[in-house]
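This report walks through one protein chain, from single residues up to the whole fold. The sequence and the structure come next.

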Amino acid sequence: MILVRGATPPGSDEPLYFDPEFAVRLHLEALGSTSAVVMSQEGDLSSGLVRTLRYGQRPNMPGPVRKIFGEEVTTTEVTTFDPAASRATFTMTPGTMADKTHMEGAIALTSEGGSTVETFSLEARVKIFGAGPVVERFIEHQARAMQDAAVAFMRPELEH
């Protein structure tokens, strides 16, 4: 995800990723979410920012995952942006099986050879006997696919 540097649309000083309206539009138009709402956003990009976003999705899940989580998964994502590190960390909590599921990750930006390079990491831990590894692999695959879709959706917004 392009977070800060080079991530403001023309005529705006608000970075696209942290614009609440864009975050909702991104989920509804590009990420296949059935609902999306920014629950809160506090702070600013110079001192640090915390955003809570809740969204629903109906991902194409393998049978065992669908049996555990149901047809639609509502997730609460809390993202904390650290401007000194040019890094956003996040936790994602599903509405179902939250006590057995832990998902966290980070998106960091570095400058290499005049370009901004993004590093995306995610760790999913699921404590469900017999199904944990299957669910973890699905979550990691889904998160990476969403990240790729988000970047693809943002590029045209940043270029015009």
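At 5% relative accessibility, serine 86 counts as buried, because the cut-off for buried is under 20%. The model is predicted. Serine 86 sits in the loop between strand S3 (73-82) and strand S4 (87-94). Its phi is positive, at about 50°, although serine 86 is not a glycine. Most residues other than glycine have a negative phi.

Methionine 97 is another such case. Its phi is near 65°, again a positive value in a residue other than glycine. Methionine 97 is placed in the loop between S4 and strand S5 (101-112). Buried or exposed, or in between: where does methionine 97 fall? Methionine 97 is partly exposed, with a relative accessible area of 26%.

**Fold**

The protein chain holds three helices and six strands. Along the sequence they follow the pattern α-β-β-α-β-β-β-β-α. Six strands form an open sheet in the order S1-S2-S3-S4-S5-S6, with antiparallel pairing. Which strands lie at the edges? They are strand S1 (33-44) and strand S6 (115-126), and each pairs on one side only. Neighbouring strands of this sheet are turned by 15° against each other on average, direction ignored.

Helix H1 packs on the sheet. H1 touches S1 and S2, and its direction makes about 155° with that of S1.

**Inside the sheet**

S4 and S5 run antiparallel, joined by six bridges. Threonine 91 stands opposite glutamate 104 in S5.

Threonine 76 lies in strand S3. Which residues does threonine 76 contact, leaving aside its neighbours within four places in sequence? They are Thr52, Leu53, Arg54, Thr91, Met92 and Thr93.

**Salt bridges**

How many salt bridges does the structure hold? There are four. Among them are the following pairs.

| Glutamate 29 | Arginine 25 | 3.5 Å |

Glutamate 72 counts as partly exposed, at 30% relative accessibility. Arginine 58 is exposed, with a relative accessible area of 54%. The cut-off for exposed is over 50%, so arginine 58 falls in that class.

Glutamate 29 and arginine 25 belong to helix H1 (residues 20-29). Why are glutamate 29 and arginine 25 separated by about one helical turn? Because they are four residues apart in H1. Glutamate 29 is exposed, with a relative accessible area of 51%. Arginine 25 counts as partly exposed, at 28% relative accessibility.

Glutamate 123 counts as partly exposed, at 37% relative accessibility. Arginine 125 is partly exposed as well, with a relative accessible area of 35%.

**The chain as a whole**

What share of the 160 residues of the protein chain counts as buried? The share is 41%. Serine 86, at 5% relative accessibility, counts as buried. The protein chain exposes about 8,500 Å². Carbon and sulfur atoms supply 51% of that area.

Contacts can also be sorted by separation in sequence. Among contacts in the protein chain with a separation of 6 or more, 44% are between residues 24 or more positions apart.

**In short**

The predicted model has an open sheet of six strands with antiparallel pairing, and helix H1 packs on that sheet. Serine 86 and methionine 97 have a positive phi. Serine 86 lies in the loop between S3 and S4, and methionine 97 in the loop between S4 and S5.

Key:
Residues numbered from 1 in each chain as written. Predicted model: local features only at pLDDT ≥ 70, side-chain atom pairs only at ≥ 80, totals over all residues. Heavy atoms only, no water. Helix = DSSP H or I, 4+ residues; strand = E, 2+ residues; numbered from the N terminus. Buried < 20%, exposed > 50% of the residue type's maximum accessible area, 1.4 Å probe, protein only. Salt bridge = Lys/Arg side-chain N within 4 Å of Asp/Glu carboxyl O. Pairing = 2+ DSSP bridges. Axes fitted to C-alpha atoms, helices over the stretch in contact; angles between N-to-C directions. Contact = heavy atoms within 4.5 Å. Areas by Shrake-Rupley, 256 points an atom, 1.4 Å probe, with all protein chains shown as cover.
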